[in-house]
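These are my notebook entries on one protein chain. I set down what I looked up, topic by topic.

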Amino acid sequence: MREQTLEERWSSCEPRWCSAPLVLDSPHSGRVYPEDFGHAAPFEALRRTEDAYVDRLFDGAAGLGAGFLAALFPRSYVDPNRHETEIDPLLLADPWPGEAIFTERVDKGLGVIRRLVGPRLAVYDRLLPSAEIEARLERYYRPYHAKLQTMLDATHTRFGQVWHLNCHSMKAMGRGRQGRPAPIREDFVLGDLDGRSCDPAFRDLVAGELRALGYSVAINAPFRGAELVTRHGLPAEGRHSLQIEINRRLYLDETSVTTHEGFDRLKSDLHRLVARLVDFTAAEAEAAE
């Protein structure tokens with residue numbers, strides 16, 4: 001079995017001349033499935049867990065002067081937007097040798113290594129040795145985090161501040177509860193950990209630009225942000241991190257995981273958004289000098 005190179009684990013676009021302290025990342029759009037995955041769930045079901053083609057929606061960011069990082073490995077294999085200690089005990093074939101925390105995500109089978117695809121479909125028909133889990137963390141998870149940290153640190157060093165846009169997509173419909181119909185989600189959901197991960201001006205700018213383009217926007221509901229904005233959102237240190245969730249109905253057939261006619265319009269609108277954020281962050285950094 002051939003070991004994937006680092007270049008096959010992520011795609012990094014770092015413009016030679018950064019014009020703004022803006023870095024984007026897409027941790028869940030990976031669709032290069034490692035040969036050692038050993039999943040039992042149907043491949044089609046795993047593909048529907050991807051934030052499919054979010055990397056393509058934002059791939060013009062570097063041309064505008066922003067940094068952009070995208071995972072190539074799938075989130076169902078190892079999830080960069082979880083803490084590495086979110087280890088699911090129901091997956092383990094032997095005792096986990098390190099620290100493990102039990103969170104609501106782990107309880108739902110959505111830890112750093114997924115146990116479930118949806119509420120009832122298991123990813124595996126086997127238990128995983130702790131050495132296999134550690135290998136995924138060491139080969140994929142930690143290098144992705146290290147690369148993103150390097151990009152953010154370099155940008156912060158150059159400009160004195162950095163703004164981070166953590167890019168995701170979400171299912172068109174939420175989950176119905178207690179006999180209630182599934183709610184239709186907004187076009188976008190912005191998450192800043194209820195105001196803790198970035199300057200509100202950054203969040204409000206993104207929301208305002210999207211609304212001006214004709215989209216509906218929700219704030220921190222139902223998604224507040226997870227590991228990446230928690231780790232990198234330190235506004236008191238000039239490090240601002242915002243999660244953006246895009247409703248898949250805008251560009252994707254969720255069943256076949258193929259783009260539809262809305263993709264090009266959405267990509268064009270997101271290009272306008274990133275251009276505006278480049279201008280905003282550049283002006284903010286210049287004003288702070």
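I looked up the contacts first: in this predicted model, residues 24 or more positions apart account for 77% of the contacts with a separation of 6 or more. I then noted the secondary structure, which comes to seven helices and 11 strands.

I turned to the overall dimensions. Along the principal axes, the C-alpha atoms fill a box of roughly 55 × 45 × 35 Å. Of the 289 residues, 52% are buried.

Next I examined helix α7, residues 262–288.

I then looked at the packing of α7 with helix α5, residues 200–212. Their axes lie 10 Å apart, at an angle of about 145°, and the crossing is right-handed. Helix α5 contributes A201, F202, L205, V206, E209 and L210 to the contact, and α7 contributes L273, R276, L277 and F280. By class, I recorded eight nonpolar residues, two charged and no polar ones.

I went on to the backbone. Most residues other than glycine have a negative phi, and most peptide bonds are trans. Against this I noted L193, with a positive phi of about 55°, in the loop between β7 (188–191) and α5. L193 counts as buried because its relative accessibility is 9%, under the 20% cut-off.

I noted V257 too, whose phi is positive and near 55°. V257 lies in the loop between β10 (252–253) and β11 (258–259), and at 6% relative accessibility it counts as buried.

Which residues does a cis peptide bond join? I found A221 and P222, with omega about 10°. P222 is in the loop between β8 (217–219) and α6 (227–232).

My last entry concerns L72, in the loop between β3 (67–71) and α3 (104–107). Is L72 buried or partly exposed? Its relative accessible area is 21%, so L72 is partly exposed. From C-alpha to C-alpha, L72 and D59 are 13 Å apart, and 13 residues separate them in sequence.

How values were computed: Residues numbered from 1 in each chain as written. Predicted model: local features only at pLDDT ≥ 70, side-chain atom pairs only at ≥ 80, totals over all residues. Heavy atoms only, no water. Axes fitted to C-alpha atoms, helices over the stretch in contact; angles between N-to-C directions. Helix = DSSP H or I, 4+ residues; strand = E, 2+ residues; numbered from the N terminus. Left-handed = near helix turned anticlockwise from the far one by under 90°. Contact = heavy atoms within 4.5 Å. Nonpolar A, V, L, I, M, F, W, Y, C, P; charged D, E, K, R; others polar. Buried < 20%, exposed > 50% of the residue type's maximum accessible area, 1.4 Å probe, protein only.
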